[in-house]
Amino acid sequence: MNIALMVIVAFLASILIGLIFYNLSIHRKIKGLSNTSEKIANLRILQDFMDTIAQETSVENKIRIINDILIEKYENIKYSTIVVFNGAEYILKASNTDERLWDNMKNLHTDPIFQESIKTATPKYITINSPEEKLAYQKVETSRAKSAMFFPLYIDNIYIGYWIIESNEPNAFDNMDTNILEIIRENIIGVLKTITYQNTLENIYRVDKTTGLNSAEYIYGKGKLSINRYGKSTVCMFIINNIEAINETYGRKAGTQIIINVANNVKSNIISDYVFVRYMGPKFAIVFSGLEIETAVETVTKIKQDIENVRLVITNKKNKKEIHVCPKTNFVLGTYYKGTGIEEVTKKLEEYLDNADKTESTINYV
């Protein structure tokens with residue numbers, strides 16, 4: 001009987017041990033699945049970052065979108081703030097904190113608790129251990145955040161600002177995957193680096209003092225944002241062929257007035273959706289956003305006729321007779337497809353006008 005009981009106990013013990021190992025195996029698999037799920041979620045977030053970079057929207061909006069993604073996707077992150085140093089001052093680019101806190105949030109670089117982090121380019125994690133404590137950098141609303149992680153941002157070893165995430169729970173980031181946070185930081189830096197070039201392009205244009213029109217660079221920056229709302233657009237470039245002759249015969253003042261009159265005439269004949277710039281000298285460009293060439297040519301024909309009906313009346317000082325000076329133009333059209341280089345289209349159009357006969361005065365296509 002004792003032997004039989006011992007056999008049964010041994011058998012049950014072996015089953016129990018087997019169950020323990022089985023449970024451990026299941027636990028590891030579940031943990032593995034959890035980690036896999038987390039990695040997939042993080043990859044999706046990084047993909048959202050990349051999609052944001054590719055969006056046809058302003059630089060400022062891209063940074064705000066990225067910040068919103070962080071807050072939305074990570075439950076631990078209650079607040080997220082991105083601050084960038086532009087060489088002269090610190091600018092708060094994105095934050096979901098109350099506006100009353102923004103002055104404090106954009107001056108965290110002055111707080112001693114973060115200065116070592118900035119100097120060494122390493123993250124700084126701070127949290128409270130008891131309800132009576134507050135985070136050292138907080139000046140107001142001490143109950144708002146109870147843990148925070150500060151990330152200095154560097155581009156090519158040059159300090160350009162910081163990213164700080166906060167939670168209203170103590171120890172909120174204790175178990176958060178720091179590798180993922182580092183990857184996110186690198187992606188924020190990548191976005192800032194990419195959009196720095198976009199920001200330069202968006203703001204490099206100037207306003208021509210003579211006509212009040214934007215310069216050619218506007219097409220490739222801010223103008224492109226509105227142009228790219230459509231899949232296909234028509235780009236038109238035209239030149240005042242006889243501007244040199246007008247300058248030589250009647251003086252530069254007359255030539256300048258012709259340019260002004262032409263610009264004003266075109267402005268009054270196109271809608272605000274179209275982008276009209278002074279391209280260079282006597283050359284102008286119009287982008288008919290969303291129009292096929294076949295449709296745009298009707299508008300261009302009218303514009304050409306109206307321009308060449310512009311009259312500048314000059315009185316001859318000797319005989320007091322009036323002289324009517326008219327511009328002569330040459331037009332060329334091309335198609336721009338969203339996602340391709342619009343500068344390649346304008347380059348071809350410009351080359352055509354530069355190589356065309358000075359007496360040519362038609363509407364051409366390339």
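## Strand pairing and helix placement

An open sheet of 5 strands is ordered E2-E1-E5-E4-E3, with antiparallel pairing. The model is predicted: local features need pLDDT of at least 70, side-chain atom pairs count only at pLDDT 80 or more, and totals for chains, interfaces and linings use all residues. Residues are numbered from 1 along each chain as its sequence is written, and side-chain values use heavy atoms, with hydrogens and water left out.

Strands pair if DSSP finds at least two bridges between them. Helices (H or I, at least four residues) and strands (E, at least two) are DSSP runs, numbered from the N terminus.

Helix H4 (residues 112-120) lies across E3, strand E4 (147-155) and E5, at about 35 degrees to E4. Such angles run from 0 to 180 degrees between N-to-C directions, with axes as lines fitted to C-alpha atoms, for helices over the stretch in contact (heavy atoms within 4.5 Å).

| Strands | Sense | Bridges |
|---|---|---|
| E1 (residues 79-85) and E5 (residues 158-167) | antiparallel | 6 bridges |
| E7 (residues 232-240) and E12 | antiparallel | 9 bridges |
| E12 and E13 (residues 363-365) | parallel | 3 bridges |

Thr81 stands opposite Ile164 in E5. Lys232 faces Tyr337 in E12, and Phe331 stands opposite Ile363 in E13.

Strand E12 (residues 329-337) is largely enclosed by the rest of the structure, because 7 of its 9 residues are buried (under 20% relative accessible area, 1.4 Å probe, protein chains only).

How values were computed
Buried < 20%, exposed > 50% of the residue type's maximum accessible area, 1.4 Å probe, protein only.
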